[in-house]
Amino acid sequence: MLGAWALRWGLPARRAPNGTRPPPARVPLCGRRLGSSAALSLAAAGLRPQLDKFGGVTVHLAQLHAPHSLDQVTFQRWLQDSVKQWRAEGRTAVWLHVPILQSKFIATAALQGFTFHHAKSDSSTLTLWLGDGHSRLPGYATHQLGVAGAALDVDTGKVLVVQDKNKTTNAWKFPGGLSDPGEDIGNTAVREVFEETGIKSEFKSLLSVRQQHRHPGAFGISDMYIICRLQPSSFNISFCQQECLRCEWMDLEELAKTKDTTPITSSVAKLLLYGYREGFEKIDIAMREFPAVYTGLFYKLYHRELPDTYKNMTEVS
């Protein structure tokens, strides 16, 4: 990922000799060497721009000790001088993070060419590309991730299904919902199934992925919807009456044949029935965890299960 981001910015990835990422470098406030009063004022107020590994500069206005005392004229002078200096130094871009209570500085930054990159509930982030040509900064998130769980009882051949309460046409479907930030796919499926039905389960595999663009229910962004195979560990239903109209254990073959379901549920029910009869190894997309290139972090890789002869292959000398 580091190399990919570096290529996207058009810069070489930089690492310390031990393979870890170097700490972000501090960038002198522009004008300090020139004795700029605006730069000295903001330095004294706690503002410390940082240089990232791609040659960009990050500015957090939340660092200001007393932001209410900073007037827009002083900020405008500092930003104008700083951008000029950063261009001369060959910096690639500026990331300006603005807390919501300091939003008065957004218009000042916009006059310097900054544009919105993204916003959260308590802050916004603006960017200014300083490199040659069009901006190569990575865009913000453009997708939402929904996950459903197909909890199949292999002893009875029954699968857990629900009918949403807020739909005009009530069709059987697998319980599910949106993944929380930082939540693994399997954990989302297990959580959503429990919250909607009261059934506890264990993640087993991925079954399918749906991609849809310009989703009306997702503010027009793209939507990814993943269905997982789960193994239930409890069976007494206690469904959420605010979200669900009905909930039951349905025979898997019946679900695969019924017309009272959604197209994606019908397709996955047939896939699940095939795996139930012929072996789940024919349909499962399994998960393996690996250490990431970033120290202390891990990632999960999903793919069809490999035979041991391939999984344990090593280089032949």
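I first looked up Thr115 and found that its bridge partner in strand β6 is Thr127. Strands here are DSSP runs of E with at least two residues, and helices are runs of H or I with at least four, both numbered from the N terminus.

I noted that the model is predicted, that local features need pLDDT of at least 70 and side-chain atom pairs pLDDT 80 or more, while totals for chains, interfaces and linings use all residues. Residues are numbered from 1 along each chain as its sequence is written, and side-chain values use heavy atoms, without hydrogens and water.

I then examined the strand pair itself. Strand β5 (residues 115-119) runs antiparallel to β6, and four bridges join them; pairing requires at least two DSSP bridges. The two strands form a hairpin with three residues between them.

Next I recorded the whole protein chain. I found eight helices and 15 strands. Of its 317 residues, 41% are buried, meaning under 20% relative accessible area with a 1.4 Å probe, protein chains only.

I checked Leu96 for contacts (heavy atoms within 4.5 Å). Beyond its neighbours within four places in sequence, its contacts include Val59, Phe75, Ala109 and Phe114.

Note on methods: Buried < 20%, exposed > 50% of the residue type's maximum accessible area, 1.4 Å probe, protein only.
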